[in-house]
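Biologist: Hi, could you walk me through this one?
Modeller: Happy to, here it comes.
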Amino acid sequence: FVLGVALVARATGINSAAMTVIQDDRAADREAIRAHIDSIFQAFIKKDSAALRATHAENWLGYLEGSRTMIKGVEGYMDWNQVDPKSPYGMKSYKMREFDMIFKGDAAFVCFVSDIESNTPNGPFQRALRICDFYTKQDGKWIQSGSDTALHQDSLEKQLATPRRLSEEMKKRLFEA
(Lines give C-alpha, C1' and ligand atoms only; values in the text may rest on other atoms or scores of the structure.)
Protein backbone atom coordinates (compact mmCIF):
# COMPACT_ATOMS: atom_id res chain seq x y z
CA PHE A 1 0.00 0.00 0.00
CA VAL A 2 2.73 2.46 0.98
CA LEU A 3 4.64 1.66 -2.21
CA GLY A 4 1.46 2.24 -4.24
CA VAL A 5 0.88 5.63 -2.61
CA ALA A 6 4.50 6.58 -3.21
CA LEU A 7 4.25 5.59 -6.89
CA VAL A 8 1.01 7.58 -7.35
CA ALA A 9 2.56 10.55 -5.57
CA ARG A 10 5.67 10.39 -7.76
CA ALA A 11 3.61 10.00 -10.93
CA THR A 12 1.44 12.99 -10.04
CA GLY A 13 4.33 15.12 -8.83
CA ILE A 14 3.19 15.21 -5.20
CA ASN A 15 6.14 14.98 -2.84
CA SER A 16 5.99 13.40 0.60
CA ALA A 17 6.05 16.80 2.34
CA ALA A 18 2.92 17.86 0.44
CA MET A 19 1.20 14.58 1.35
CA THR A 20 2.04 15.16 5.02
CA VAL A 21 0.47 18.62 4.88
CA ILE A 22 -2.71 17.16 3.34
CA GLN A 23 -2.92 14.52 6.07
CA ASP A 24 -2.11 17.05 8.79
CA ASP A 25 -4.88 19.37 7.54
CA ARG A 26 -7.43 16.61 7.99
CA ALA A 27 -5.97 15.69 11.38
CA ALA A 28 -6.32 19.33 12.39
CA ASP A 29 -9.88 19.39 11.02
CA ARG A 30 -10.72 16.21 12.92
CA GLU A 31 -9.39 17.71 16.14
CA ALA A 32 -11.22 21.01 15.55
CA ILE A 33 -14.55 19.23 14.97
CA ARG A 34 -14.03 16.94 17.97
CA ALA A 35 -13.28 20.00 20.15
CA HIS A 36 -16.37 21.73 18.75
CA ILE A 37 -18.56 18.76 19.68
CA ASP A 38 -17.03 18.82 23.17
CA SER A 39 -17.94 22.51 23.43
CA ILE A 40 -21.57 21.64 22.61
CA PHE A 41 -21.67 19.05 25.41
CA GLN A 42 -19.97 21.50 27.78
CA ALA A 43 -22.58 24.15 26.94
CA PHE A 44 -25.31 21.68 27.95
CA ILE A 45 -23.46 20.71 31.14
CA LYS A 46 -22.86 24.36 32.09
CA LYS A 47 -26.38 25.33 30.97
CA ASP A 48 -24.88 28.09 28.81
CA SER A 49 -27.46 28.93 26.14
CA ALA A 50 -25.26 31.62 24.52
CA ALA A 51 -22.42 29.13 24.06
CA LEU A 52 -24.87 26.51 22.75
CA ARG A 53 -26.31 28.96 20.21
CA ALA A 54 -22.80 29.94 19.04
CA THR A 55 -21.98 26.32 18.15
CA HIS A 56 -24.79 25.99 15.58
CA ALA A 57 -25.23 27.52 12.13
CA GLU A 58 -28.08 30.00 11.61
CA ASN A 59 -29.64 27.70 8.99
CA TRP A 60 -29.20 24.53 11.11
CA LEU A 61 -31.42 21.62 10.04
CA GLY A 62 -32.16 18.25 11.59
CA TYR A 63 -33.88 15.96 14.05
CA LEU A 64 -33.23 15.80 17.77
CA GLU A 65 -33.98 13.08 20.31
CA GLY A 66 -37.75 12.67 20.42
CA SER A 67 -38.59 15.16 17.66
CA ARG A 68 -41.32 13.99 15.31
CA THR A 69 -40.78 16.73 12.77
CA MET A 70 -37.79 18.44 11.24
CA ILE A 71 -36.29 21.28 13.26
CA LYS A 72 -35.20 24.26 11.19
CA GLY A 73 -32.77 27.02 12.06
CA VAL A 74 -30.81 27.81 15.18
CA GLU A 75 -33.96 29.33 16.73
CA GLY A 76 -35.80 26.02 16.32
CA TYR A 77 -32.80 24.21 17.81
CA MET A 78 -32.72 26.54 20.81
CA ASP A 79 -36.51 26.28 21.29
CA TRP A 80 -36.19 22.47 21.37
CA ASN A 81 -33.30 22.60 23.83
CA GLN A 82 -34.62 24.80 26.59
CA VAL A 83 -31.50 25.48 28.68
CA ASP A 84 -32.36 26.83 32.13
CA PRO A 85 -29.25 27.91 34.05
CA LYS A 86 -31.24 27.90 37.33
CA SER A 87 -32.54 24.35 36.98
CA PRO A 88 -30.89 21.60 39.05
CA TYR A 89 -31.72 19.19 36.22
CA GLY A 90 -29.92 18.50 32.99
CA MET A 91 -26.81 16.91 31.54
CA LYS A 92 -24.15 16.11 34.11
CA SER A 93 -21.49 14.29 32.04
CA TYR A 94 -20.85 12.49 28.79
CA LYS A 95 -18.44 9.97 27.30
CA MET A 96 -17.83 9.36 23.60
CA ARG A 97 -17.58 6.04 21.81
CA GLU A 98 -17.59 4.91 18.14
CA PHE A 99 -16.43 8.35 16.99
CA ASP A 100 -15.49 8.87 13.31
CA MET A 101 -16.00 11.27 10.40
CA ILE A 102 -15.58 11.63 6.66
CA PHE A 103 -14.81 14.78 4.68
CA LYS A 104 -15.78 16.18 1.34
CA GLY A 105 -14.12 19.55 0.86
CA ASP A 106 -15.36 21.96 3.51
CA ALA A 107 -18.06 19.56 4.74
CA ALA A 108 -17.82 16.70 7.21
CA PHE A 109 -20.19 13.93 8.21
CA VAL A 110 -19.56 12.94 11.84
CA CYS A 111 -21.02 9.85 13.54
CA PHE A 112 -20.69 8.89 17.17
CA VAL A 113 -22.37 7.39 20.20
CA SER A 114 -22.31 9.30 23.45
CA ASP A 115 -23.14 7.93 26.89
CA ILE A 116 -24.94 10.71 28.78
CA GLU A 117 -25.61 11.08 32.49
CA SER A 118 -28.25 13.59 33.55
CA ASN A 119 -29.89 14.79 36.74
CA THR A 120 -33.68 14.46 36.62
CA PRO A 121 -36.52 14.98 39.13
CA ASN A 122 -36.49 11.18 39.56
CA GLY A 123 -32.73 11.02 40.21
CA PRO A 124 -29.75 10.23 37.98
CA PHE A 125 -30.60 9.07 34.47
CA GLN A 126 -28.27 7.43 31.96
CA ARG A 127 -28.80 6.96 28.27
CA ALA A 128 -26.79 6.54 25.09
CA LEU A 129 -27.42 8.72 22.05
CA ARG A 130 -26.58 7.84 18.45
CA ILE A 131 -25.66 11.07 16.68
CA CYS A 132 -24.88 11.95 13.08
CA ASP A 133 -23.76 15.57 12.68
CA PHE A 134 -23.18 17.56 9.52
CA TYR A 135 -20.40 20.12 9.78
CA THR A 136 -19.43 22.88 7.38
CA LYS A 137 -16.43 25.17 7.40
CA GLN A 138 -17.54 28.80 7.49
CA ASP A 139 -15.05 31.66 7.65
CA GLY A 140 -12.29 29.13 8.31
CA LYS A 141 -14.05 27.51 11.32
CA TRP A 142 -16.10 24.36 11.64
CA ILE A 143 -19.72 24.72 12.78
CA GLN A 144 -22.56 22.25 13.19
CA SER A 145 -25.01 22.77 10.32
CA GLY A 146 -27.24 19.78 10.94
CA SER A 147 -27.79 16.72 13.08
CA ASP A 148 -29.80 13.55 13.52
CA THR A 149 -29.88 12.59 17.19
CA ALA A 150 -31.67 9.48 18.43
CA LEU A 151 -31.71 7.18 21.39
CA HIS A 152 -29.16 4.40 20.86
CA GLN A 153 -30.62 0.90 20.50
CA ASP A 154 -29.11 -0.19 23.85
CA SER A 155 -30.96 2.59 25.68
CA LEU A 156 -34.14 2.03 23.71
CA GLU A 157 -34.19 -1.66 24.66
CA LYS A 158 -33.51 -0.81 28.32
CA GLN A 159 -36.28 1.79 28.28
CA LEU A 160 -38.79 -0.63 26.76
CA ALA A 161 -37.90 -3.33 29.32
CA THR A 162 -38.29 -1.02 32.33
CA PRO A 163 -41.58 -1.51 34.20
CA ARG A 164 -43.68 1.65 34.43
CA ARG A 165 -46.53 2.67 36.70
CA LEU A 166 -49.92 2.73 35.11
CA SER A 167 -52.10 5.75 35.65
CA GLU A 168 -55.44 5.25 37.41
CA GLU A 169 -57.19 5.93 34.11
CA MET A 170 -55.11 3.26 32.34
CA LYS A 171 -55.78 0.74 35.14
CA LYS A 172 -59.52 1.40 34.88
CA ARG A 173 -59.44 0.90 31.10
CA LEU A 174 -57.52 -2.37 31.49
CA PHE A 175 -59.93 -3.76 34.07
CA GLU A 176 -62.88 -2.80 31.88
CA ALA A 177 -61.36 -4.55 28.91
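Modeller: Contact here means heavy atoms within 4.5 Å. This is a predicted model, where local features need pLDDT of at least 70, side-chain atom pairs count only at pLDDT 80 or more, and totals for chains, interfaces and linings use all residues. Residues are numbered from 1 along each chain as its sequence is written, and side-chain values use heavy atoms, with hydrogens and water left out.
Biologist: Which residues is methionine 91 in contact with, beyond its neighbours within four places in sequence?
Modeller: Phe41, Phe44, Ile45, Ile116, Glu117 and Ser118.
Biologist: Is methionine 91 buried or exposed?
Modeller: Methionine 91 is buried, because its relative accessible area is 15% (buried is under 20%, exposed over 50%, partly exposed in between; 1.4 Å probe, protein chains only). Methionine 91 sits in strand β3, residues 90-104 (helices, H or I of at least four residues, and strands, E of at least two, are DSSP runs numbered from the N terminus).
Biologist: Nice. Which residues touch the most other members of the largest nonpolar core?
Modeller: Ile33, Ile37, Phe41, Tyr77, Val110 and Tyr135, out of 26 residues. Such a core is a set of buried Ala, Val, Leu, Ile, Met, Phe, Trp, Tyr and Cys residues joined through side-chain atoms within 4.5 Å.
Biologist: Which element gives the largest share of this core?
Modeller: That is α2, with six residues. Other elements giving two or more include α4 (73-80) and β5 (123-138).
Biologist: What is isoleucine 37 in contact with, leaving aside neighbours within four places?
Modeller: Met96, Phe99, Val110, Phe112, Asp133 and Tyr135.
Biologist: Changing topic, where is leucine 61?
Modeller: Leucine 61 is in strand β1, residues 56-63, and counts as partly exposed because its relative accessibility is 41%.
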